[in-house]
Amino acid sequence: MSKKKMRFPQSKFVRELMECLKVIMIAVAVTFILNKALVANAQVVSGSMEETVMTGSWILVNRQAYLINGPERGDIVLFQSPEKNNKEYLKRIIALPGETVEGRDGSVYVDGAKIKESYIKEPAAEDFGPFRVPTDCYFMMGDNRNDSWDSRYWEIKYVNYDAIIGKAELEYYPEIKSLH
């Protein structure tokens, strides 16, 4: 007696289900790769960047933004807190490596020159600095100056380049808008 392998006929439903599962698995793998290598997805949990980005908004962050050119003053970036509390913050870069930053009379000065900040709603109520930004570090502030826990108040005042996750590019919920 020959041994014959029993085969069950695949129904059209099973074949279609298998194809759908393949597509879903590929989509999950691509999403995972994109999220870890190219973009980050983040929700804004504080009011420190209001009116630019509101609390509860969802944003896309470009992880590759600084491969060729470094961060610039005015960029909105997502970064790991220098306070070692495993938090991610969204703030604006105000001063670059080697610059001296100071707040006086509601204005911010970098290397003695007042910077233009059309993105803030109201000036800061408190003076700060002067602080000299170390090599490979950045001084960060929220746009909502009077409700922002930022470089002015941190024990470790500066964010190291390696702590920057990427540049915030797009708010996609509750509205779609560019963050440039």
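Buried residues account for 38% of the 180 residues in this protein, and keep in mind as you look around that the model is predicted. Along the principal axes, the C-alpha trace spans about 95 × 35 × 30 Å.

What about secondary structure? You'll find 1 helix and 12 strands. Starting at the N terminus, the order is α-β-β-β-β-β-β-β-β-β-β-β-β. As for how the chain meets itself, take the contacts between residues at least 6 apart in sequence: 58% of these join residues at least 24 apart.

Charges come next. There are 24 positive and 25 negative side chains, and the centres of the two sets sit 15 Å from each other.

Now zoom in on the rings. A pair of aromatic rings is described by how far apart the centres are and by the angle of the planes. Searching the whole structure turns up 8 aromatic pairs. One of them joins phenylalanine 128 and phenylalanine 139, with 5.7 Å centre to centre and 10° between the planes, and this pair is stacked. Phenylalanine 128 belongs to strand E8 (residues 128-132) and phenylalanine 139 to strand E9 (residues 137-141), so the pair ties together parts that are 11 residues apart in sequence.

Are these two phenylalanines buried or exposed? Phenylalanine 128 has a relative accessible area of 8%, and with the cut-off for buried at under 20%, phenylalanine 128 counts as buried. Phenylalanine 139 is at 0% relative accessibility, so it is buried as well.

Phenylalanine 139 has another ring partner, tyrosine 158: their centres are 6.4 Å apart and the planes meet at 55°, so this pair is tilted. It links distant parts of the chain, 19 residues apart, with phenylalanine 139 in strand E9 and tyrosine 158 in the loop between E9 and strand E10 (159-160). Both phenylalanine 139 and tyrosine 158 are buried.

Which peptide bond is cis, with omega about 5°? That's the one joining glycine 129 and proline 130, and proline 130 lies in strand E8, the strand that also holds phenylalanine 128. A cis bond also runs from tyrosine 173 to proline 174, with omega near 10°. Here the proline, proline 174, sits in the loop between strand E11 (164-173) and strand E12 (177-178).

Finally, check phi at two aspartates. Aspartate 111 isn't a glycine, yet its phi is positive, about 50°. You'll find aspartate 111 in the loop between strand E6 (107-110) and strand E7 (113-114). At aspartate 136, phi is near 65°, again a positive value in a residue other than glycine. Aspartate 136 is in the loop between E8 and E9, the two strands that carry phenylalanine 128 and phenylalanine 139. How accessible are these aspartates? Aspartate 111 has 48% relative accessibility, so it counts as partly exposed. Aspartate 136 is partly exposed too, with a relative accessible area of 48%.

Technical notes: Residues are numbered from 1 along each chain as its sequence is written. This is a predicted model: local features need pLDDT of at least 70, side-chain atom pairs count only at pLDDT 80 or more; totals for chains, interfaces and linings use all residues. Side-chain values use heavy atoms; hydrogens and water are left out. Helices (H or I, at least four residues) and strands (E, at least two) are DSSP runs, numbered from the N terminus. Buried means under 20% relative accessible area, exposed over 50%, partly exposed in between (1.4 Å probe, protein chains only). Contact means heavy atoms within 4.5 Å. Lys and Arg count as positive and Asp and Glu as negative; His and the chain ends are not counted. The place of a charge is taken as NZ of Lys, CZ of Arg, CG of Asp or CD of Glu. Rings of Phe, Tyr and Trp (its six-membered ring) pair if their centres lie within 6.5 Å; planes under 30 degrees apart count as stacked, over 60 as edge-to-face and the rest as tilted.
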